[in-house]
Amino acid sequence: QGRLTKAAKLYREFLKKSEAILGKEHPQVLLCLNNLAGCLKRQGRLTKAAKLYREFLKKSEAILGKEHPQVLLCLNNLAGCLKRQGRLTKA
């Protein structure tokens with residue numbers, strides 16, 4: 001748990017800095033958002049993780065298109081998060 005907490009902190013730091021430099025819509029920034037969501041998911045912070053996955057999904061679809069591998073990866077990650085929340089019909 002301690003390493004996940006540190007990892008989440010580092011992801012947030014990277015996200016903040018990369019947004020300032022690259023912009024919020026840059027694919028690398030979006031990938032970091034996905035990674036932060038995954039870290040939160042592993043911590044059991046499923047509601048926050050699902051929120052970030054949805055944000056990532058919305059932005060990635062708009063920029064990369066619905067069929068892009070990064071978008072499909074996020075769909076998979078969001079489904080896994082919803083499944084862990086017991087929201088199988090949404091997953």
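Axes are lines fitted to C-alpha atoms, for helices over the stretch in contact, and the angle between two of them runs from 0 to 180 degrees between N-to-C directions. In this predicted model, the axes of H3 and H4 come within 9 Å and cross at roughly 160°. Because angles over 145 degrees count as roughly antiparallel, H3 is roughly antiparallel to H4. The crossing of H3 with H4 is left-handed. On the H3 side, the contact is made by Leu46, Ala49, Ala50, Tyr53, Arg54, Phe56, Leu57, Ser60, Glu61 and Leu64. H4 contributes Gln70, Val71, Cys74, Leu75, Asn77, Leu78, Cys81, Leu82 and Arg84. By class, the residues in the contact of H3 with H4 are 13 nonpolar, 3 polar and 3 charged.

The pairing of H1 and H2 was examined in the same terms. Their axes come within 9 Å and cross at roughly 160°, which makes H1 roughly antiparallel to H2. This crossing, too, is left-handed. From H1, the residues in contact are Leu4, Thr5, Ala7, Ala8, Tyr11, Arg12, Phe14, Leu15, Ser18, Glu19 and Leu22. Their partners in H2 are Gln28, Val29, Cys32, Leu33, Asn35, Leu36, Cys39, Leu40, Arg42 and Gln43. The contact of H1 with H2 comprises 13 nonpolar, 5 polar and 3 charged residues.

Helix H2 (residues 27-43) also packs against helix H4 (residues 69-84), with axes that come within 11 Å and cross at roughly 20°. H2 is therefore roughly parallel to H4, and their crossing is left-handed. Here Pro27, Leu30, Leu31, Asn34, Lys41 and Arg42 of H2 meet Gln70, Leu73, Cys74, Asn77, Gly80, Cys81 and Arg84 of H4. The class composition of this contact is 6 nonpolar, 4 polar and 3 charged residues.

In soluble globular proteins, nonpolar side chains tend to be buried together. The largest nonpolar core of the model has 22 residues. Those with the most contacts inside this core are Leu15, Leu36, Leu40, Leu52, Tyr53, Leu78 and Cys81. Two or more core residues come from each of helix H1 (2-22), H2, helix H3 (46-64) and H4. The largest share is given by H2, with 8 residues. When neighbours within four places in sequence are left aside, Tyr53 is in contact with Asn34, Ala37, Gly38, Lys41, Cys74, Asn77, Leu78 and Cys81.

Three further positions were considered individually. Lys59 is located in helix H3 and has a relative accessibility of 18%, so this lysine counts as buried. Apart from residues up to four places away in sequence, Lys59 touches Lys24, Glu25 and Leu30. Lys83 lies in helix H4 and, at 57% relative accessibility, counts as exposed. The C-alpha atoms of Lys83 and Leu46 are 9.9 Å apart, although 37 residues separate the two in sequence. Ala79 is found in helix H4 as well. With a relative accessibility of 23%, Ala79 counts as partly exposed. Between Ala79 and Gly65, the C-alpha to C-alpha distance is 19 Å and the separation in sequence is 14 residues.

Methods:
Residues numbered from 1 in each chain as written. Predicted model: local features only at pLDDT ≥ 70, side-chain atom pairs only at ≥ 80, totals over all residues. Heavy atoms only, no water. Helix = DSSP H or I, 4+ residues; strand = E, 2+ residues; numbered from the N terminus. Parallel < 35°, antiparallel > 145°, perpendicular 65-115°, else oblique. Left-handed = near helix turned anticlockwise from the far one by under 90°. Contact = heavy atoms within 4.5 Å. Nonpolar A, V, L, I, M, F, W, Y, C, P; charged D, E, K, R; others polar. Core = buried A, V, L, I, M, F, W, Y, C linked by side-chain atoms within 4.5 Å. Buried < 20%, exposed > 50% of the residue type's maximum accessible area, 1.4 Å probe, protein only.
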